[in-house]
Amino acid sequence: MSILDKLKKKLAKTHNSFVKRIAEVIRLRGKVDEELIEEIEDVLIQADLGVNITAKIINNLEEKIRIKKIKNSDKIYSILEEIIIDILEEEYEGTSGIDYSPAVKPHVIMFVGVNGTGKTTTIAKVANRYLDRGDRVLLVAADTFRAAAHKQLDIWAKDVGADIIGSKHGADPASVVYNALTSAKAKNYDVVLIDTAGRLHTKVNLMKELEKINRTADKVVKNSPHETYLVIDATTGQNGVQQAKNFIQSLPISGVILTKLDGTAKGGVAIGIKDKLDIPVKAICTGEKVEDIRQFDAANFVRAIFED
Ligand SMILES: Nc1nc2c(ncn2[C@@H]2O[C@H](COP(=O)(O)OP(=O)(O)O)[C@@H](O)[C@H]2O)c(=O)[nH]1
Ligand SMILES: [Mg+2]
């Protein structure tokens, strides 16, 4: 099976609900008129693309229809696919996925996001990629709020073969990070992945804690964290994207990792993120196993959901 075919299989729910409905709308309407455009617009909105990007897509579609004088609806589907790819390729120009060959060592990455979005699982996946390349990887259990959090990361660390530094439940996460980075420098680790809490007593407390971790890391390894990834659960659609704004206001987020695309019809959410948050999707996750992560390739993603 080709890489694209594998992705198609994982994104089948999004394909079946969203683009099949567009195809259906186009087939039933037959001709190209205002009503067809409105119906396509409705489907795009319902598919969690977001209002802004949908407006952009529809504007481009109307323009193409006018310029090319398209009367018959059978071309609309492929035109729409092309338009979305064009918009995303422009937005994603100059961006890249997760940097698996960083210049500076230790390369420090912090993972943030709401509880249950998939931070800990994603860390295992990313760790596995670095380990495959021969890097020495240290995981840091800085989610000290949930009692089970350290244990969960511990299990993953054993599974993928990474080292881990943690602390007692309730410890100060910034000091855990301080110790971990000091040790990472002394022991020449290549990569350090920091797991953080997704929930505290209040949202303000959580953001303060993450900001403190951020500042502390920089004190030990200059300019770190080199990357801060925001993990968003695709099944929560536009709500998940909305929640992201709290993190973006407090932290220098370098990219989004979108998870659980395998279990949702809301995969269209990936299309609107860069437009809405001005932060690129770096990678996508399509399952619970360590290999279920891949770099986000916008054009490939759109092809995978549009094409049979
Ligand atoms: N289907 C699916 N489940 C996922 C994915 N990523 C994470 N999960 C599951 O989501 C749940 C929460 O993940 P976890 O890593 O604990 O989230 P955290 O609270 O952000 O650390 C777990 O049951 C994971 O197995 C994914 O890409 N696909
Ligand atoms: Mg966790």
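Guide: Before we start, helices here are DSSP runs of H or I with at least four residues, and strands are runs of E with at least two. One more thing: this is a predicted model.

Visitor: What box do the C-alpha atoms fill?

Guide: Along the principal axes, that box is roughly 70 × 40 × 30 Å.

Visitor: What share of the residues is buried?

Guide: Buried residues come to 44% of the 308. As for contacts with a separation of 6 or more, 77% of them join residues 24 or more positions apart.

Visitor: Switching topic, at what angle do helix 4 and helix 5 cross?

Guide: Roughly 125°, with the axes of helix 4 (residues 51-67) and helix 5 (residues 76-91) coming within 10 Å. Because that angle lies between 115 and 145 degrees, helix 4 is oblique to helix 5.

Visitor: Is that crossing left-handed or right-handed?

Guide: Helix 4 and helix 5 cross in a right-handed way.

Visitor: Which residues make the contact?

Guide: Helix 4 brings Lys56, Ile57, Asn60, Leu61 and Lys64, while helix 5 brings Ile79, Leu80, Ile83, Ile84 and Ile87.

Visitor: How do those divide into nonpolar, polar and charged?

Guide: Seven of the residues in this contact of helix 4 with helix 5 are nonpolar, one is polar and two are charged.

Notes
Residues are numbered from 1 along each chain as its sequence is written. Chains are lettered from A and ligands numbered from 1 in the order in which they are written. This is a predicted model: local features need pLDDT of at least 70, side-chain atom pairs count only at pLDDT 80 or more; totals for chains, interfaces and linings use all residues. Axes are lines fitted to C-alpha atoms, for helices over the stretch in contact, and angles run from 0 to 180 degrees between N-to-C directions. Angles under 35 degrees count as roughly parallel, over 145 as roughly antiparallel, 65 to 115 as roughly perpendicular and the rest as oblique. A crossing is left-handed if the near helix is turned anticlockwise from the far one by less than a right angle, and right-handed if clockwise. Two residues are in contact if their C-beta atoms, placed from the backbone, lie within 7 Å. Ala, Val, Leu, Ile, Met, Phe, Trp, Tyr, Cys and Pro count as nonpolar, Asp, Glu, Lys and Arg as charged, and the others, Gly among them, as polar. A residue is buried if 20 or more other C-beta atoms lie within 10 Å of its own, exposed if 12 or fewer, and partly exposed in between; C-beta atoms are placed from the backbone.
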